[in-house]
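Let's walk through a protein model together, step by step. Keep the sequence and the 3D view open as you read.

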Amino acid sequence: MTDRPNTPSQTVSAPPTNASNPARKKGLTILAAVVVVAGLGWAAYEYMVASHYEDTDNAYVQGDVIQITPQIGGTVLSILANDTDFVKGGQTLVQLDPADAKIALDQAEAALAQAVRQARTLYATNTTLQAQITLREADISRARIDVARTADDLKRRQSLSGNGAVSKEELQHAQQQFESAQNALTAAQAGVLTAKEQLNSNQTLTEGTQVAQQPSVQLAAARLREAFLTTQRTALLAPVDGYVAKRTVQLGQRVAAGTPLMSVIALSNVWVEANFKEVQLRSIRIGQPVTLVADQYGKKVSYTGKVSGLGAGTGAAFSLLPAQNATGNWIKVVQRVPVRIALEPKQLAEHPLRVGLSMTAEVDVSDTSGSALADVPRTTQPMPVTAKTDDAAEQLVQRVIAANLGQAAASKAHAKP
């Protein structure tokens, strides 16, 4: 048996632990520090910056889409504007056939002229009836004289009839003359009463008014204004400056009143409707500044605006089929409320927007001193075309009345305030 040589024992080293690896420990420490610093930085940013802003990409451009609809029926003769055309306020867009309206205008004008002349006849009849009363009163005076004369004649003949100086036939003749004179007096008195009643009846139609304010004249004047407005409404005018869209009318088409023919959109007066979540409305107030970006131009173009109003209800409340939250089959959904944002007109002129474009809105909610609900109504300016039409109709009425009053009546009417 041979002995093995004595060799040094081989030792197996254990793998290094984390505690014994300073490089790994250092890396983990640095990573933890970075996470902590990032968390603190994010918290600081959220508290100092992000909490002062509310943003949403659920925002769209809105504007007044004005429908052009006829107020009367008619046949389309011409179309003077097409889709994408720019039109000025008061410019004719569609022309209807005015033939029927012009005939009705001529008839109404003639009816007013006839009413004025008939009213003048009523006023002239007052003078005639007054003269008849005077004539009838003169007849009464003559009848009374005849009654007195025939009464004296009758008394003389009655006094002489006893001695035979007056015949019975002559006495009867005197009696008949007396009775005839009395009948004439009664007829004259009745004539005066009849003439006075006729005058009173005629004065009820003219008392307290002039020819132009006589009810029949006023009725004919109203019908003339209506006919004049009908002739003006054969031309459909643009109510505001804007661009034509959704034209559906065609030449020769027979359209009824209220039929949509086209739309006019004023792109210089658009706004943004941003739909914020209900939890985002806590700090949003009217007047707060807003920064907006349109998908059409990208981030290279930004718009500045202000919050001009908050919706009075959520979109779901005004939907076609509103939510039935009282049912058992209910799921809570975060609601959105439309917020109206006014834009700067100068920026809209430089970079025009279209109705319906997508926007991203960011509201600076640092200042919460404003009101949450609007307290002053925003009124829309009326169409200036309507006022001009009313003035033209009134001028036509006055011209027709003056032409049929006569020179004397017209000068008298103008002399009175």
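Predicted model: local features only at pLDDT ≥ 70, side-chain atom pairs only at ≥ 80, totals over all residues.

Residues are numbered from 1 along each chain as its sequence is written, and side-chain values use heavy atoms, with hydrogens and water left out.

Start with the whole protein chain. Its secondary structure comes to seven helices and 14 strands. Here helices (H or I, at least four residues) and strands (E, at least two) are DSSP runs, numbered from the N terminus. Of the 417 residues, 29% count as buried. Buried means under 20% relative accessible area, exposed means over 50%, and partly exposed lies in between (1.4 Å probe, protein chains only). The chain exposes about 27,300 Å², and carbon and sulfur atoms supply 55% of that area. Accessible areas come from the Shrake-Rupley method with a 1.4 Å probe, and for residues only the protein chains shown count as cover. Among contacts between residues at least 6 apart in sequence, 82% join residues at least 24 apart; a contact means heavy atoms within 4.5 Å.

Now find helix α4, residues 215-232. Several residues of α4 are buried, among them Val-217, Ala-220, Leu-224 and Phe-228.

Stay in helix α4 and look at Arg-225. Arg-225 counts as partly exposed because its relative accessible area is 25%. Leaving out residues up to four places away in sequence, Arg-225 touches Ala-393, Glu-394 and Val-397. Arg-225 and Leu-105 are 120 residues apart in sequence, yet their C-alpha atoms are 8.7 Å apart in space.

The partner to notice is Glu-394. The side chains of Glu-394 and Arg-225 meet in a salt bridge, at 2.9 Å from N to O. Glu-394 lies in helix α6 (residues 384-405) and Arg-225 in helix α4, so the pair ties together parts that are 169 residues apart in sequence. A salt bridge is a side-chain nitrogen of Lys or Arg within 4 Å of a carboxyl oxygen of Asp or Glu. Glu-394 is partly exposed, with a relative accessible area of 30%.

How many salt bridges does a search of the whole structure find? The search finds two. Lys-88 is partly exposed at 47% relative accessible area, and Asp-241 is partly exposed at 33%.

Next, move to the loop between β10 (271-277) and β11 (289-294), where you will find Gln-288. Is Gln-288 buried or exposed? Gln-288 counts as buried because its relative accessibility is 3%. Its side chain reaches the backbone oxygen of Ser-283 at 2.8 Å, and the side chain of Gln-288 also reaches the backbone oxygen of Asp-367 at 2.8 Å. Each is a polar contact, that is, a pair of N or O atoms within 3.5 Å; within protein, one must be able to donate a hydrogen and the other to accept it, and residues adjacent in sequence count only if both atoms are side-chain atoms. Arg-285 sits in the loop between β10 and β11 as well. Arg-285 touches Val-307, Thr-368, Gly-370, Ser-371 and Ala-372, not counting residues up to four places away in sequence.

Finally, visit two other loops. Thr-84, in the loop between β3 (74-79) and β4 (86-87), has a phi near 75 degrees, a positive value in a residue other than glycine. Thr-84 is exposed, with a relative accessible area of 64%. Lys-246, in the loop between β7 (242-245) and β8 (254-255), has a positive phi of about 55 degrees although it is not a glycine. Lys-246 is exposed too, at 61% relative accessible area.
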